[in-house]
Amino acid sequence: MDTSMIERHYEDEVLISLLESNRAASDQHLPACDSCNSKVESFRMIADALADQDVWDDREIRTQSGPATTIANLRAFADRMSDEDTRAETFLQELLAGSREEWMPRLHAHPEWWTAGVVRKLVDRSYTAVMAMPPDAVEMTSVATAIAGELDPDDHPSDTILRLRGSAWRAKAYALYYVGLFSAAEKAVAVAECQFSECAINEYELARVGIVKALVLRPFDRISEATDAAMSSAATFERYGDVEKTVSAKLAEVHMLFSRSQYAKAEQILLSLEEQMSTSVHAGTHARVLANLGEACRNLGKFEASIQYYDCASALLDDFGARTETVRIRWSVAIMLAEVGKVAEACERLRDLRREMVYLGMTSEAAVASLEVAELLLAQNHYEQVVEICRDTMQTFELAGLSYSSRALTAIAYIREAASQRRADHKLVENVREYIRELPRQPNLLFAPPPA
Amino acid sequence: MLEQNTSDVTSKSARPRTEKTVRAATAPVAPPPPSTAADDVEALYIEHRNLLLYVACRKFRIPDSDAENLIQEVFLSFLQNSNKIDNVRAWLVAAMCNASRHYWRAQGRIESLPDDINDQSDPGSHGLADQFAMRMTVRQALDYLQPRCRETLWLHYFEGRSAGDVARELETTNRYAEKLIHNCLKRVREIYLSITAVAK
């Protein structure tokens, strides 16, 4: 290419002529010259706008009421919200004191706490709590939905209360999903959708429900519906200019690819998200992208890259005190260590994780982690240790008092018996582990031992 | 919905048809006091009201008398959003599109919709807010043009007529009409850039 063509800029006349004669695309100078290219694009943009009837419409817009009234209304609403929120902070200190079992009875003794501000504050707190102590988040959202359900919509302007109820049920769905109560979470999603559907401006809120819906449907293997929900949410967030939420929705889409074992495709999406997030201020979302990259790489056999991604994600999440997330990441690393033959290290890590999971109320996850240890120990014929692990796990289920505890106990007792008679094997443990993993989704699922 | 007064305080003087100069406001700026949520929402409302009115009334053909109410609903929804919003303008414009579509769906139950309601903006297109803001500014820029320049641009870019047609319409030579088209496009771009610079 002739360098003089690049160095000498075109006059405006030339640029407009190129545009008018549709020769801009075939010109040699424009692609090499940012200045001329951007100028011709601005001429094109204005010429296109001039073809739009609206830019020639010089009728005045005569609104019935003016800015002064709207400003007064908006200020009054903002002040009211701010006042409710300030008072709610004080109420919450008292309401959330002590163990979560005390919260609901205490709420019923204080009618003055039944306010929109308390609902907003509980919903906000539940999203932090879900990372640190998920059962607390479930209880917070139960309190929030109880209050929101009793508030009178006529006491609040516009569709404030419908919106508030929708937010509370969405937060509840998320918290329930987090503790593995998927059926209840699905019902909560439906209630949230129903509340927001009644609101005039609801796309953004429904898109947020869509992400939770995608997460909740995945365990039921309703992958197609979940993918649709995630993609639709991502498109809405993109339109609203919300980078963080767009990435969250695309992560939900990536999870569906994981479900279909399409790891290479998932990796491509994640790498582009990682590039997008590398300069972002949303460190929590960035951490989730990195953790998912770790998962994709692990399944693609790129173990070193995987550990590196997991470590970065874990470091970012530690800064937030997002314990449940770091636990999940450390769990993935432990499994990977076992896969690459570092069995002793994997066992040690899984045992530590199990204790932490029990503390965090992640009962079925703790049981699955225990059975992963059991499986590794059986490979080394350590039957006594397997019996011990089964005993601890059964105790955890008894204390948790979950709807499916008794079924889980039956399955684990079966391994314990087999281990004590030194006839438990890898196939049996794997069978029970998958059964326990399935129980939160299907609490009535019956345990069937594998054929001998 | 919050109560709305029925008095009109927004009527704008008739649009000038002669060219005028675009100047930046140069008043001294005092350090701002700490803002409350009410101050913030007022500032955002003032900053975005014209754009949102344009979206509602021009893109969605919402009757002028109802547009202000929709803007108020958009801001009420904005205030209740617990999320930190990355791009406020994009959020507000997208919410205004949502409110406008809801308005027509509700009206559709009692009267027929405007024929072109489906043509009004592609909700799936990205950078919708930027596009609306740009078109609103071009519309504003046209106010500053000489009538002959406006007519030239109208004939060529809106009606799609050739330089020869424009020459016949304006009773001039082809060569001069071509020059006029170029100069007027340059001029409207200059004004557009001045307006956006002032806004920044």
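Tutor: Happy to; here is a walk from the chains to their interface and then to a few single residues.

This is a predicted model, in which local features need pLDDT of at least 70 and side-chain atom pairs count only at pLDDT 80 or more, while totals for chains, interfaces and linings use all residues. Residues are numbered from 1 along each chain as its sequence is written, and chains are lettered from A and ligands numbered from 1 in the order in which they are written.

Chain A has 22 helices and zero strands; here helices (H or I, at least four residues) and strands (E, at least two) are DSSP runs, numbered from the N terminus. Chain B has seven helices and zero strands, and its elements run α-α-α-α-α-α-α from the N terminus on. The radius of gyration of chain A is 28 Å, whereas a compact globule of 452 residues would have one near 22 Å. That radius is taken over C-alpha atoms, and the globule rule is 2.2 Å times the number of residues to the power 0.38. Along the principal axes, the C-alpha atoms of chain A fill a box of roughly 90 × 65 × 35 Å.

Of the 452 residues in chain A, 48% are buried, and of the 200 residues of chain B, 36% count as buried. A residue is buried if 20 or more other C-beta atoms lie within 10 Å of its own, exposed if 12 or fewer, and partly exposed in between, with C-beta atoms placed from the backbone.

Now to the interface itself. In all, 56 residues of chain A are in contact with 66 residues of chain B, where contact means that the C-beta atoms of two residues, placed from the backbone, lie within 7 Å. On the chain A side, the elements that give two or more residues include α2 (12-20), α4 (34-50), α5 (67-95), α7 (116-132) and α9 (160-178). The largest share, 13 residues, comes from α5(A). Sorted by class, the side of chain A that touches chain B has 26 nonpolar, 12 polar and 18 charged residues. In this scheme Ala, Val, Leu, Ile, Met, Phe, Trp, Tyr, Cys and Pro count as nonpolar, Asp, Glu, Lys and Arg as charged, and the others, Gly among them, as polar.

Let's zoom in on α5(A). This helix packs against helix α1 (residues 37-59) of chain B at an angle of about 150°, with the axes 8 Å apart. The axes are lines fitted to C-alpha atoms, for helices over the stretch in contact, and angles run from 0 to 180 degrees between N-to-C directions. The crossing of α5(A) with α1(B) is right-handed; a crossing is left-handed if the near helix is turned anticlockwise from the far one by less than a right angle, and right-handed if clockwise. From α5(A), the residues that meet α1(B) include A:P67, A:T70, A:I71, A:L74 and A:R75. On the α1(B) side, B:A37, B:A38, B:V41, B:E42, B:Y45 and B:R49 take part. By class, this helix pair has nine nonpolar, two polar and four charged residues in contact.

A:R163 is buried, with 24 other C-beta atoms within 10 Å. Leaving aside residues up to four places away in sequence, A:R163 touches A:C199, A:E205 and B:Q80. The C-alpha atoms of A:R163 and A:E198 are separated by 8.7 Å, although these residues are 35 apart along the chain.

A:S261 lies in the loop between α13 and α14 (263-277) of chain A and is exposed, with 10 other C-beta atoms within 10 Å.
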